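Grab a pencil and work through these exercises with the structure open beside you. Try each task before you read its solution.

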Amino acid sequence: MAAPMLRWVGRGRLWTFARVDGGSCHRREAPTGSTSNWIRGQSSVAQQPLYTTQKPRKGEHKWAAVVGLEIHAQISSNSKLFSGSQVRFSAPPNSLVSFFDASLPGTLPVLNRRCVEAAVMTGLALNCHINKKSLFDRKHYFYADLPAGYQITQQRLPIAVNGSLTYGVCAGKKQSQVIPKTVRIKQIQLEQDSGKSLHDDLRSQTLIDLNRAGVGLLEVVLEPDLSCGEEAATAVRELQLILQALGTSQANMAEGQLRVDANISVHHPGEPLGVRTEVKNLNSIRFLAKAIDYEIQRQINELENGGEILNETRSFHYQLGCTMSMRDKEGKQDYRFMPEPNLPPLVLYDATSLPAGADPQQVINIDQIRETLPELPSVTRERLVQQYGMLLEHSFTLLNEVGLLEFFQNVIKETRAEPKKVTSWVLNTFLGYLKQQNLAVSERCGSDVYTEESKCSDSEQPFMDALTVCDVNVFSLLGAASPVTPSALAELLDLLDSRTISSAAAKEVFEELWKREGKTPGQIVSEKQLELMEDRGALEQLCHSMMEAHPQVVMDLKKGNPRAINKLIGLVRKATQSRADPAMIKEILEKKLSS
């Protein structure tokens, strides 16, 4: 089978993003009225670079943004939602397709128990009410990678409703304050995924891969309680952590296991909600924030220039940094929802309603699943704060960076250093080096990597032309792993804790470790002779020489300038190539000055 060819699109202009109300992202009350009241309009302004909105002049109204999300998470299951076909990433095209997946006549769906349990567990973790009776429906639309011409979903009565998701947004001058916020969850429903269409421009043909067709999805629908890209990105990241902690979804955005649709509108506070647009299939948390902030600013500029907002579906172009129109937005009537005739109602039980003598393999007990819930991210953060005495914002960083918490805990296990010192080195030095060189903690794709597998199907994004599959290989690189292992950092911290080396020498050793030369911290210290000076007499003589060589600094100290001593400490450390302990140098200098 020919590989899909990619059409080159030249690098476009950079687009400037701005937040509403001069760049701030404030929490507001949930919007009143139904989101279905968003009115259809027409658009008259072409795409153009956007610039930061100025603060409104006296008499002008501010704009408020309303953002709602629909999040599709692929369920971690060995088989698909309604067939026994295997679920496996990057399998050969059309190698994991059953007769039912291909929609051959006479085939019937068989519900996957694991997918139902995953939906119940996710609903419980998100504070949802679990419906003991839920229904399946057919959602009709035609695309080549949807062979049945409809998707089995839960439109009328989903498996879970009325939940909430609490997340934290960093605030303050140094982003060191975490403000807790909550977004309501309207519903969680089970549904099928579609296949993929791969376009071969060279041969002017489209290739269909049905490996993904029928894979179980959890659709988590959030109420429009968000107001900017930062809030949306943080909420999705928190949901991603919860799904991974539960094991209900790997939620790896690079493999297309977590995709987000954002519904966005703007209006003047106190006025009816504006016309919404939907930005489809955002497969990266970073792109999600950028797309929402861009679309908010685009709508504001459109309205301020006298235009109207069209109720349409748009996509985000990651190279240009802008959203682009795809098609008019479908309504419920376009999908012709109808009950799924081949699936009976899904009935769940709890401890009070479980029939006597029921076979545990034939029923699903909600209370039993509740008892198996693991530690959730919010609880993990509280434990880290209490156990290691770290700041709350540090616990957020440890969980938000993929693999960083595991790295931190492995260092803690192997070192004698205090937890606060470990926290400082992991979050400041180690994480700083990772970000500076764009590396990952472990050899796994980051959440912002865009690969062929993470692209949406044609049933989700049909009219993107060259922009559908252009240049995606630019982002299909695996994040290289960190050259510093937990064991190496633990050994380095032990050397520092035992006062074998100074802080400056420890940083020098860390830089050597980062060069991937395979040496241990002990070997580097020995080769470069970085051990602290143990001869106090020699250090006292050196301090005396420095005081004699810099009489003006000594005079400043005697006149009451306490900062002058730092000059002498720096000179002594430079003379010893940072092998002298600064605390010992200061002690010797102060003793000589007082005598």
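**Exercise 1. Is P180 buried or exposed, and what does P180 touch?**

Keep in mind that you're looking at a predicted model.

Step 1: Check the accessibility. P180 has a relative accessible area of 63%, and the cut-off for exposed is over 50%, so P180 counts as exposed.

Step 2: Find P180 on the chain. You'll see it in strand 7, residues 177-192.

Step 3: List the partners. If you skip residues up to four places away in sequence, P180 touches Y167 and G168. Y167 is 13 residues away along the chain, and the C-alpha atoms of P180 and Y167 are separated by 5.7 Å.

**Exercise 2. Is Q154 buried or exposed, and what does its side chain reach?**

Step 1: Locate Q154. Look in the loop between strand 5 and strand 6 (160-171).

Step 2: Read off the accessibility. The relative accessible area of Q154 is 0%; buried means under 20%, so Q154 is buried.

Step 3: Follow the side chain. It makes a polar contact with the side chain of S134 at 3.3 Å, and it also reaches the backbone nitrogen of L190 at 3.0 Å.

Step 4: Look around Q154. Leaving out neighbours within four places in sequence, its contacts include L135, F136, D137, I159, Q187 and Q189.

**Exercise 3. In which order do the three strands of the open sheet lie, and which are the edge strands?**

Step 1: Write down the order. The strands run 5-4-15, with antiparallel pairing.

Step 2: Pick out the edges. Strand 5 (150-153) and strand 15 (338-339) each pair on one side only.

Step 3: Zoom in on one pairing. Strand 4, residues 137-140, pairs with strand 5 over four bridges. Here D137 stands opposite T153 in strand 5.

**Exercise 4. Which residues of helix 8 are buried, and why do they lie on the same side?**

Step 1: Collect the buried residues. In helix 8 (residues 404-414) they are L404, L405, F407, F408, V411 and I412.

Step 2: Look at their directions around the axis. These residues cover an arc of only 160°, which puts them on the same side of helix 8.

Step 3: Recall the general rule. An α-helix has 3.6 residues a turn, so residues three or four places apart point the same way.

Step 4: Turned away from the buried side, you'll find the exposed residues E406 and K413.

Step 5: See what does the covering. Helix 6 (377-388), helix 7 (392-400), helix 9 (419-436) and helix 10 (486-497) are among the elements over the buried residues.

**Exercise 5. How many aromatic pairs does the whole structure have, and why is the F287 and F316 pair tilted?**

Step 1: Take the total. A search of the whole structure gives 14 aromatic pairs.

Step 2: Inspect the geometry. The ring centres of F287 and F316 are 6.0 Å apart and the planes meet at 45°, so this pair is tilted.

Step 3: F287 is in helix 3 (residues 285-304) and F316 in strand 13 (residues 312-317), so the pair links parts of the chain 29 residues apart. Both F287 and F316 are buried.

Step 4: W514 is buried, at 8% relative accessibility.

Step 5: Widen the view. Ring pairs join F407, W425, F430, Y433, F510 and W514 into a cluster.

Technical notes: Residues numbered from 1 in each chain as written. Predicted model: local features only at pLDDT ≥ 70, side-chain atom pairs only at ≥ 80, totals over all residues. Heavy atoms only, no water. Pairing = 2+ DSSP bridges. Helix = DSSP H or I, 4+ residues; strand = E, 2+ residues; numbered from the N terminus. Buried < 20%, exposed > 50% of the residue type's maximum accessible area, 1.4 Å probe, protein only. Arc of directions from axis to C-beta. Contact = heavy atoms within 4.5 Å. Polar contact = N/O pair within 3.5 Å; in protein donor to acceptor, adjacent residues only side chain to side chain. Phe/Tyr/Trp six-rings, centres within 6.5 Å; stacked < 30°, edge-to-face > 60°.
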